Amino acid sequence: MLPLLRQIKGVHTIKGSSIELKASILVEGVSADDDSLAELGRKYKEQNHGLFGWDFEDHVDKLLPDDFCLPDGTVVQFRMNSRSPYRVRKQGSDMLLSCNGEDICTVNWIERPGFYSQKASSGRDMVKIGQIGGEDCLFFCYQNYCAHFANNKECYFCNLVSTSKTYNSVLKKKDIDDIGEVAKAAWSEGKVNHLLLTGGCFNNQKEVELVSKVIASIKRHTGFERVPGTILPSPAKGDHLKMYYETGIQAIGFSMEIWDEKLYSAICPGKSEQTSHRQFLQSIEVAVKLFGAGNVYGVFVMGLEPRETFLQGVEVLSGIGANVVPFVWSPNPGSKLEGHRAPSAAWYLDTTLEAADIVLKNGVPPGTENHCFRCDGNSLLHDALRLKGIE
Ligand code: SF4
C-alpha cells in the first residue's frame with residue numbers, strides 16, 4: 001500500500017494527518033470515477049440505505065461505497081458530492097484519492113460481506129435485513145418509521161422518509177427470525193465485532209417488547225449470552241431501561257442530538273415534546289448504573305450548535321460515566337436543512353480533540369467492545385481517542 005503521498009494543500013486544509021483528512025472529506029463530501037466503482041456490489045461493499053442517507057446528493061441508479069479506509073485504517077463515510085474537491089479514481093489496482101487534482105493517498109473500498117449475496121430461510125435477501133457499518137458493525141433497523149414526519153415535526157437534519165422513498169432498498173419491517181439468521185451468517189464470516197440496533201420512532205412499550213424478541217433471536221442463532229453492541233431505541237425511560245438491560249444487549253444509546261436546550265427544541269420539535277433534556281439526563285444516569293460506565297452513549301449531531309454547548313454536554317455526560325458519539329452533520333437531501341453547510345473541518349477537528357481530552361480526563365471506560373473506530377465512518381471522536389492511545 002502506498003503511504004500518504006503528500007500533505008493536502010489549499011483552502012480545505014490542514015496539515016495532513018488521517019483525522020484531519022477525514023474531517024475534511026466528511027465536510028466536503030467526495031466523488032469517484034466509474035472505474036473505481038465498477039466492482040461495487042460484487043467485490044466491494046455498497047450502500048444499502050438501512051435508515052438515513054448521508055450523501056449530499058441522491059444517486060438512485062448508481063452504486064456507491066458505504067465507507068472506505070485510509071492507509072492507517074481510519075474509516076471514512078462516503079458522502080457523494082459531485083462538486084467536492086475530493087475524488088477517488090482507479091489507477092492500476094490502486095484507488096487514489098486526490099484533492100483539487102493533487103494525489104493525496106491510496107484508499108481501500110471495504111470488502112463486500114458474503115452474506116450480502118445470501119438469502120434467509122424465509123427466502124428474503126439478507127442484505128435487505130442487516131448491513132455492515134464500517135468494517136465490523138452489524139446494523140439492523142427493526143422499523144424504518146417515525147411519527148414526527150406526519151405532523152411536520154421531524155428533526156431538521158433527518159431524511160429518514162425521503163431516503164426510504166428514494167431508494168426503497170431495505171425491508172421496512174424485519175422478521176425476527178430473519179434477523180437472527182443474518183446475525184449468525186455475519187458473525188460466522190469472522191469480521192463482525194458489534195451490533196447496532198435501532199428503529200425510527202416508536203411507542204416505548206411496543207419497542208421494548210420487539211427489541212426483546214430481536215435480541216432473543218440473535219442470542220439463539222449466535223449462542224451469545226450477552227450481545228456485544230448497542231441498542232439505540234426511541235428515548236428509553238423508567239422501567240424500560242431495566243427491560244432493555246435484561247434483553248442481553250451490552251450497551252444502550254440515547255439520541256440527544258443537541259445539547260443546548262433551546263436549540264434542541266428548535267431543531268427537534270417533535271422529539272423534544274416527548275423527551276426533555278432533563279429526562280434524557282435522568283435516563284442516562286440510571287442507564288449507567290444498570291449497564292455500567294462506558295456502556296451508555298449520548299449520541300449527537302455535531303455542527304448544529306456552538307462548540308461551547310457541545311463540549312458542556314461532553315463534560316456532563318462523561319462526568320457521569322457515559323460515552324459520546326458525535327456524528328458529523330451532513331446537510332443531506334430530503335432533510336429540512338438540505339443544501340446548508342456544516343462548520344469547517346478545522347472546527348470539527350479542534351472541537352473533537354477537546355472532547356477527547358474531556359472524555360479522557362473523566363476516565364470513562366472506552367466501551368470499544370460495543371462500538372469502535374472501525375464501526376464509525378461518520379464520527380471523529382474514536383479517531384481522536386486513538387491518537388491518545390485508546391483503541
Ligand atoms: S426522532 Fe428525529 S432523527 Fe429520529 S427518526 Fe424521527 S425525525 Fe429522524
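Me: What makes up the lining of the second largest pocket, by class?
Reply: This is a predicted model, so everything here is computed from it. The lining has five nonpolar, four polar and five charged residues. There are 14 lining residues, and Phe56, Asn81, Arg83, His340 and Arg341 are the ones nearest the pocket's centre. A lining residue needs an atom within 4 Å of a pocket point, so that is the test those 14 residues pass. The space inside comes to about 310 Å³.

Me: How do you know where the second largest pocket lies relative to domain 1 and domain 2?
Reply: Look at who supplies the lining: domain 1 (18–109) and domain 2 (114–387) both give residues to it, so the pocket lies between them.

Me: How far apart are the C-alpha centres of domain 1 and domain 2, and what does each put into the contact?
Reply: Those centres lie 23 Å apart. Domain 1 puts 33 residues into the contact, and domain 2 puts in 43.

Me: Why is asparagine 100 called exposed?
Reply: The cut-off for exposed is over 50% relative accessible area. Asparagine 100 has 54%, so it counts as exposed. You'll find asparagine 100 in the loop between strand S5 (94–99) and strand S6 (102–109).

Me: Which residues touch the most other members of the largest nonpolar core?
Reply: Leu97, Trp109, Leu138, Phe140, Leu195 and Ile252, out of 107 residues in that core. Helix H11 (residues 345–361) gives the largest share, eight residues. Domain 1 (18–109) and domain 2 (114–387) both contribute, so this core lies between them.

Me: What does phenylalanine 140 touch?
Reply: Leaving out residues up to four places away in sequence, its partners include Ile129, Ile179, Val182, Leu195 and Ile218. Contact means heavy atoms within 4.5 Å, so each of those partners meets that limit.

Me: What about glycine 41, and which residues is it in contact with?
Reply: Beyond its neighbours within four places in sequence, glycine 41 is in contact with Glu46, Leu63 and Arg112. Glycine 41 is in the loop between helix H2 (34–37) and strand S2 (67–69). Its C-alpha is 9.8 Å from that of proline 113, which is 72 residues away along the chain.

Definitions and conventions: Residues numbered from 1 in each chain as written. Predicted model: local features only at pLDDT ≥ 70, side-chain atom pairs only at ≥ 80, totals over all residues. Heavy atoms only, no water. Core = buried A, V, L, I, M, F, W, Y, C linked by side-chain atoms within 4.5 Å. Buried < 20%, exposed > 50% of the residue type's maximum accessible area, 1.4 Å probe, protein only. Helix = DSSP H or I, 4+ residues; strand = E, 2+ residues; numbered from the N terminus. Domains from an automatic or database assignment. 1 Å grid on protein atoms, 1.4 Å probe; cavity = no way out; pocket = protein on both sides within 12 Å on 5 of 7 lines; lining within 4 Å. Points joined across faces, edges and corners; volume = space filled by probe spheres on them. Nonpolar A, V, L, I, M, F, W, Y, C, P; charged D, E, K, R; others polar.
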